[in-house]
Amino acid sequence: MQLITDNQQMIYIVVLMIFLGIEVIGRVPSVLHTPLMSGANAIHGVVIIGAIIVMGKASDDNYLALVLGFLSVVLGTLNVVGGFVVTDRMLEMFKKKK
Amino acid sequence: MQLHILTICYIIGSVTFILGLKMLSNPLTARKGNLIAAGGMTIAILGTIFLYETEDGQGLHNYLWIFSGLIIGAVIGTLAAKKVKMTAMPEMVSLFNGMGGACAALISAVEFDHVYREYRLDMNSFADVVPFGHYFTISAGAIIGSVSFAGSVIAWGKLNGRIKDFSFNGQHIVNLIILGFVFGVAGFTYWTSSSVTNIWFLITLLSAFVYGVMFVLPIGGADMPVVISLLNSFTGVAAAFGGFLYNNKVMLTGGILVGAAGTLLTMLMCKAMNRSLQNVLIGSFGAKNAKSAAATTQGSYKEISLNDTATCLAYANKVMIVPGYGLAVAQAQHICHELEKNLEEKGVQVFYAIHPVAGRMPGHMNVLLAEADVSYDKLLEMEHANEEFKTADVVLILGANDVVNPAAKSDPSSPIYGMPILEVEQAKMVVVNKRSMKPGYAGIENDLFFRPKTSMLFGDAKKVLQQLVNEIKNV
């Protein structure tokens with residue numbers, strides 16, 4: 001029980017975000033399904049922030065943390081940068097039609 | 001002061017994510033929405049690098065490592081995303097999604113190691129020294145991230161044909177057992193008094209990886225977009241657990257937002273195919289007996305020459321084009337547009353009938369034809385197109401197969417039974433362009449090719465269309 005009280009702020013965010021996430025894309029036309037999936041894919045790349053924190057906190061003699069942290073920074077960046085660029089390329093196709 | 005600025009950075013990040021998703025779901029604002037979310041992400045990342053402070057007021061170090069990681073990732077990511085062909089985009093998305101999952105799993109692994117090192121000397125079991133919530137967050141992030149990574153890599157392999165469908169009887173029961181094992185080991189790691197909990201944690205990670213592989217392996221290649229979308233929301237949840245771990249609101253917001261939106265999107269995709277998620281995930285087990293049933297319906301088909309096709313098209317009043325994956329592979333969208341213009345000059349009405357899941361991803365055909373400058377109002381959605389077929393003289397099918405397979409309406413044993421299709425047979429004549437008689441992506445025979453109204457025009461879509469354009473000019 002203590003767990004819930006201690007984290008109530010976070011739990012509120014979770015509950016509200018679930019509703020918001022559903023509400024925000026509720027009326028998407030099927031044409032946009034793939035770009036939207038790709039855009040959402042880029043957004044969850046926010047996990048990179050965790051990777052940066054891990055990396056930045058690792059002490060100099062902790063090679064495991066350094067190597068894994070470095071790897072996770074690379075992977076996270078791939079997710080973010082690749083995700084946004086691919087989405088942009090998909091959406092570029094839409095802009096031409098007038 | 002620093003921390004307050006960081007908080008503001010995170011708030012900006014969260015707001016741009018919400019705004020970005022909102023704008024991404026409208027064709028007019030989609031591109032801007034993507035850029036806004038990317039901008040917010042940049043602010044949140046830079047803020048973290050320069051302003052983050054640990055509990056004891058220390059800033060981050062190892063800048064060399066961080067920046068080289070960022071640069072390597074950014075360069076490879078940009079190159080990969082720029083170089084990839086339009087047809088290979090869904091598998092690219094899947095791969096990027098897997099990277100995010102792996103990232104989340106690695107973060108959890110490092111955090112576990114951190115806790116393990118700190119308490120190793122004087123602990124009886126993890127449960128004695130680490131609060132359950134903290135351990136739960138770590139292992140949930142690790143498990144979900146690992147599943148998402150493994151699943152995405154398999155989905156990527158399936159889409160580019162490196163990995164074949166694989167299923168055996170009772171596979172979903174085996175999968176449930178594996179899943180139970182994952183949870184079991186995760187719990188054991190927490191409560192055991194073993195001195196090698198790190199090895200148990202590794203087993204948790206590995207078995208979650210195996211579950212991810214087994215989860216995606218039996219699902220048919222044609223359903224991969226749905227699976228990728230589902231794994232996408234998994235990674236979102238894994239990222240959110242990272243947010244819990246560091247009490248980081250922007251990770252939490254972004255992660256949960258994608259988790260919720262991704263789940264809804266998965267269901268919307270299923271709806272576009274008129275199937276339930278359950279049917280997609282475990283429906284593949286019925287596919288075996290369907291194959292034998294379909295194999296018996298072989299018959300003879302008739303071919304049509306380029307010449308005849310050109311004549312039929314040129315003298316028709318209304319032509320409907322049904323594009324499919326074959327058009328995308330052959331990169332024939334531009335020449336297709338030219339054919340359309342040539343026919344219009346001869347007074348033929350031309351429309352495109354777009355099935356929502358034609359190609360490899362929903363909206364694939366729209367993107368492809370938009371690239372070739374095909375006018376938007378020539379693209380008819382399925383319901384509208386099915387009305388128009390009644391008055392069409394010729395239907396030209398370019399590399400589409402499963403989306404016009406009548407078995408979806410008539411054969412309950414077919415794996416695609418129940419999927420709405422383009423009812424091309426209502427037209428007076430059907431010309432099918434394919435490279436060979438091989439069955440389509442879902443691996444099922446198509447009766448349509450053997451029907452009396454249907455004629456086959458074999459060859460690569462681009463070459464055939466080029467020749468058709470030349471012929472039509474001469475008619």
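The buried residues of helix 2 of chain A pack against helix 1 and helix 10 of chain B, where buried means 20 or more other C-beta atoms within 10 Å of a residue's own, exposed means 12 or fewer, partly exposed is in between, and C-beta atoms are placed from the backbone. Keep in mind that this is a predicted model: local features need pLDDT of at least 70, side-chain atom pairs count only at pLDDT 80 or more, and totals for chains, interfaces and linings use all residues. As for labels, residues are numbered from 1 along each chain as its sequence is written, while chains are lettered from A and ligands numbered from 1 in the order in which they are written. Helices (H or I, at least four residues) and strands (E, at least two) are DSSP runs, numbered from the N terminus.

**Chain A as a whole**

- Picture a box of roughly 60 × 35 × 15 Å along the principal axes, and you have the space that the C-alpha atoms of chain A fill.
- Of the 98 residues in chain A, 59% are buried.
- Take the contacts in chain A between residues at least 6 apart in sequence: 60% of them join residues at least 24 apart. (Two residues are in contact if their C-beta atoms, placed from the backbone, lie within 7 Å.)

**Helix 2 of chain A**

- This helix covers residues 8-24, and its 17 residues should span 24 Å at 1.5 Å a residue, which agrees with the 24 Å between its end C-alpha atoms. The expected span is 1.5 Å times one less than the number of residues.
- Its buried residues are Val14(A), Met17(A), Gly21(A) and Val24(A). They cover an arc of only 115° around the axis, so they sit on the same side of helix 2 of chain A; the arc is that of the directions from the helix axis to the C-beta atoms.
- On the face turned away from that buried side you'll find the exposed residues Gln8(A), Tyr12(A), Val15(A) and Phe19(A).
- Ile13(A) also belongs to helix 2 of chain A, and it counts as partly exposed because 19 other C-beta atoms lie within 10 Å.
- Setting aside neighbours within four places in sequence, Ile13(A) is in contact with Lys249(B), Leu252(B) and Thr253(B).

**Where the two chains meet**

- In total, 96 residues of chain B are in contact with 75 residues of chain A.
- Several helices of chain B each supply at least two residues of the side that touches chain A, among them helix 1 (2-24), helix 9 (224-246) and helix 16 (364-371).
- Helix 10 of chain B gives the most to that side, with 19 residues.
- By class, the side of chain B that touches chain A has 61 nonpolar, 28 polar and seven charged residues. Here Ala, Val, Leu, Ile, Met, Phe, Trp, Tyr, Cys and Pro count as nonpolar, Asp, Glu, Lys and Arg as charged, and the others, Gly among them, as polar.

**The strands of chain B**

- Strand 1 (residues 318-323) of chain B has five of its six residues buried, so the rest of the structure largely encloses it.
- Strand 1 of chain B runs parallel to strand 2 (residues 349-354), with four bridges joining them; Met320(B) has Phe351(B) as its bridge partner in strand 2. Two strands pair if DSSP finds at least two bridges between them.
- Five bridges join strand 1 of chain B to strand 4 (residues 394-398), again in parallel, and Pro323(B) stands opposite Leu398(B).
- Strand 4 of chain B is joined to strand 5 by five bridges, in parallel, with Val395(B) partnered by Val430(B).
- Strand 5 of chain B is mostly covered, with five of its six residues buried.
- Five bridges also link strand 5 of chain B to the parallel strand 6, where Ser455(B) is opposite Val431(B).

**Helix 13 of chain B**

- In helix 13 (residues 306-314) of chain B, the residues Thr309(B), Ala310(B), Leu313(B) and Ala314(B) are buried. Their arc around the axis is only 125°, so they lie on the same side of helix 13 of chain B.
- What covers these buried residues includes strand 1, strand 4 and helix 19 (461-474) of chain B.
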